[in-house]
Amino acid sequence: MLKPFVALILLTFIPLLMQAQTTVSGRVTTAKKKPLPGVNIAIAGTYDGATTAADGSFSFTTTAKGERVLTASLVGYQALEIKTDLAAAAQLHLVLKESVNELKMVTISAGSFEASDEKKNTVLKPLDIVTTAGANADIVSALKTLPGAQQVGEKEGLFVRGGTGYETQTFIDGMLVRNPFTSGMPDFAARGRFSPFLFKGTTFSSGGYSAQYGQGLSSALVLESTDLPERSSYTLGIGSVGPSVGVDMLSKNKKQAYGFEMDYFNLSPYFALVKQEQKPTIAPQGFNGSGNYRLKTSKTGMLKIFVNATWNRFGFQGESLEYPGFNEDFELENKYLYTNVSYKENLGKGWKLNLGTSFSTNQDRIYMDTAGKSPAPTRINARQDLSQFRLMVTRMLGRFSMLRIGSEYQYADERSRFNQYDVDYVDSYSATFAEADVYFTPRFVGRLGARYEYTSLLKASSIAPRASLAYKLDDKSQVAFAYGEFYQKPEPQYLRMQHQLDFMRATHYIASYQRISEFYTLRGEVFYKKYHDLLKTVPGLNNNGTGYAKGAELFWRDRKSVKNVDYWLSYSYLDTKRDYLNYPFEVQPDFAAQHTATLVYKHYIPSVQLNVGATYSFATGRPYYNPNRPESEFMKDRTRHLNTLSLNVNYLTTVGKAFTVFVFTMSNVLGNDQEYGFRYSSDKLRRRMVGPMAPRFFYVGMFMSFGIDRRQEVIDRQ
């Protein structure tokens with residue numbers, strides 16, 4: 001089965017052309033002529049470059065010609081860009097000036113992983129999100145390689161530290177995103193809707209997150225959209241699931257830009273090659289499009305407008321578990337629209353303003369039927385609309401300390417029809433928050449805040465205090481502590497049936513240690529989380545549920561020990577139990593594994609411009625419900641351990657005037673069985689394993705970029 005793919009890869013990665021090369025060399029020092037090792041040198045718009053040696057020297061070859069921009073960057077120093085004629089670019093002397101070194105400043109870090117190009121003391125970079133084998137450029141899938149996240153493959157969402165996927169909320173430019181995942185079928189996880197290329201920063205808070213955000217018991221995924229691009233560019237992609245195109249145009253005065261991305265997918269050809277567990281009656285197909293406009297309103301002001309629209313449909317047929325010999329049909333059509341407008345401005349005298357508004361609508365049409373058995377098919381029409389407005393002002397208190405005060409309002413309109421029955425509701429949610437980052441010294445900072453929330457549907461209010469402390473042990477190491485109260489409304493499917501409920505609540509305690517240098521990252525964290533007022537469905541809907549989660553986590557990243565190799569290792573230990581929904585008592589829930597571990601490996605081979613990556617994931621077996629056991633043995637059965645290995649290969653080249661990347665990726669290369677749980681018939685005599693639609697998934701594609709070297713968005717820089 002794999003031989004045609006191997007042959008295809010070998011043919012794909014044959015170099016397309018050979019060009020004459022020019023040598024660029026020189027030395028980098030400080031203003032006091034002290035040599036600087038580890039400086040990243042590159043030619044803008046290409047992938048060519050080098051890293052300075054111990055004496056500050058560098059040398060590399062390039063096929064680029066003429067006058068080009070040479071860049072030099074090093075953590076703790078101001079980035080340098082100079083124009084130079086490559087024909088004469090030998091023995092250059094570059095001088096870097098020291099900047100305010102963030103590695104010398106303590107930062108709030110307990111429970112938070114940040115991916116940003118702007119902040120140099122981050123654990124990951126945005127490119128790490130899109131270059132992780134097995135993630136398939138999905139933000140949430142990439143974040144599952146970090147400590148705290150569970151390897152749940154049958155449900156959409158990010159399951160963090162004993163919390164459900166619903167307990168992790170997604171925010172774009174400060175505003176809550178309703179329905180951040182595409183609609184899927186039962187027992188099969190759906191992808192995130194948004195391309196990682198749309199964001200310049202990603203913060204994954206696995207606990208103890210800021211008072212700026214609410215309505216998430218466990219975690220917050222905070223995304224910050226991109227600003228103006230450096231230059232105009234065009235992209236074209238052709239892959240095994242469909243084509244894509246993108247445009248990003250910068251005005252001549254460099255004060256405004258607009259762009260769009262569109263892609264279409266149709267898995268009919270793919271399903272013709274790879275057999276699925278369920279028979280497709282409508283092969284998954286759909287369209288995803290996004291557009292944006294960015295305007296620099298002043299030296300410090302920025303207006304951003306972002307629109308995303310998706311449409312998809314699919315249908316599957318499988319053997320009925322309840323009625324042997326009959327088939328179950330499932331068909332779904334989804335339409336989604338999301339708009340986001342944000343504005344920020346420096347008001348002077350230490351004041352900053354952030355405004356935002358957004359609207360989203362999600363529509364699902366679902367058809368279910370047991371062919372030849374049920375008297376009539378089941379038809380579900382559901383629509384969720386969310387409108388919101390957000391205001392935040394920031395007051396600088398000295399050079400680094402600051403005070404944030406804000407308010408937000410959300411109006412949710414939920415409409416559902418189950419055959420001829422309508423179940424609708426609306427909710428007005430409002431919140432106000434205040435939070436201060438106080439630098440007692442450059443090495444000791446505290447974040448103190450609180451959040452007030454009110455929901456008209458439940459007629460309930462809450463006050464959530466939150467606090468974090470962090471102390472810098474030396475220029476590279478720090479310890480941090482966090483505490484917080486977090487509230488969340490019950491899930492919409494229960495609110496439709498019962499309005500006399502209350503907020504669910506979780507209390508977080510976190511302690512962490514991290515050491516971040518230019519090439520190494522070490523991070524350890526312990527946590528305790530107590531659940532209160534969880535939703536119960538028996539004897540009726542109520543808030544009598546309880547639970548806890550505690551554990552320890554470790555993260556290690558190394559970009560130095562092996563030349564051209566970057567890898568990270570994460571491990572999580574989780575002890576969690578909860579009594580919620582129809583559980584008879586507190587027990588380890590079916591989405592939680594006690595031990596999880598992930599190894600991500602990336603190897604760049606400069607001689608052939610090839611980037612090879614691998615991701616290995618492990619998780620111990622998870623509990624599942626076996627109705628044949630007595631109630632005293634509820635959730636005693638376990639799935640087999642999860643073991644998966646995913647690979648990706650990226651070949652970099654130039655086709656005409658386009659920078660080009662050829663991509664191949666395959667998940668679960670070894671074809672290991674992945675047991676997510678089991679479903680039983682009502683008479684308890686038959687069961688079916690819950691697992692992926694196919695043992696493996698592969699993708700072959702080509703991405704071309706005109707105007708800017710977008711290859712760096714597909715492979716990670718070494």
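Let's start with a facing pair. Leu 391 stands opposite Ser 407, and Ser 407 belongs to strand 21. Keep in mind that this is a predicted model.

Now the strands around that pair. Strand 20 covers residues 378-397, and strand 20 and strand 21 are antiparallel partners over 18 bridges. Three residues sit between these two strands in their hairpin. One of the hairpin's residues, Gly 398, has a positive phi near 85°.

On to the next partner. Strand 22 spans residues 421-441. How many bridges join strand 21 to strand 22? The count is 17, and these strands also run antiparallel. The hairpin here has two residues between strand 21 and strand 22. In this hairpin, Asn 419 takes a positive phi near 55°.

Now let's zoom in on one residue, Ser 401. Strand 21 runs over residues 401-418, and Ser 401 is part of that strand. Is Ser 401 buried or exposed? Its relative accessibility is 9%. Buried means under 20%, so Ser 401 counts as buried.

What does Ser 401 touch, beyond its neighbours within four places in sequence? Its contacts are Arg 395, Met 396, Asp 437, Val 438 and Tyr 439. Look at Tyr 439 in particular. Its backbone nitrogen lies 2.8 Å from a polar atom of the Ser 401 side chain.

One last distance. Ser 401 and Ile 516 are 115 residues apart in sequence. In space, their C-alpha atoms are 22 Å apart.

Key
Residues numbered from 1 in each chain as written. Predicted model: local features only at pLDDT ≥ 70, side-chain atom pairs only at ≥ 80, totals over all residues. Heavy atoms only, no water. Helix = DSSP H or I, 4+ residues; strand = E, 2+ residues; numbered from the N terminus. Buried < 20%, exposed > 50% of the residue type's maximum accessible area, 1.4 Å probe, protein only. Contact = heavy atoms within 4.5 Å. Polar contact = N/O pair within 3.5 Å; in protein donor to acceptor, adjacent residues only side chain to side chain. Pairing = 2+ DSSP bridges.
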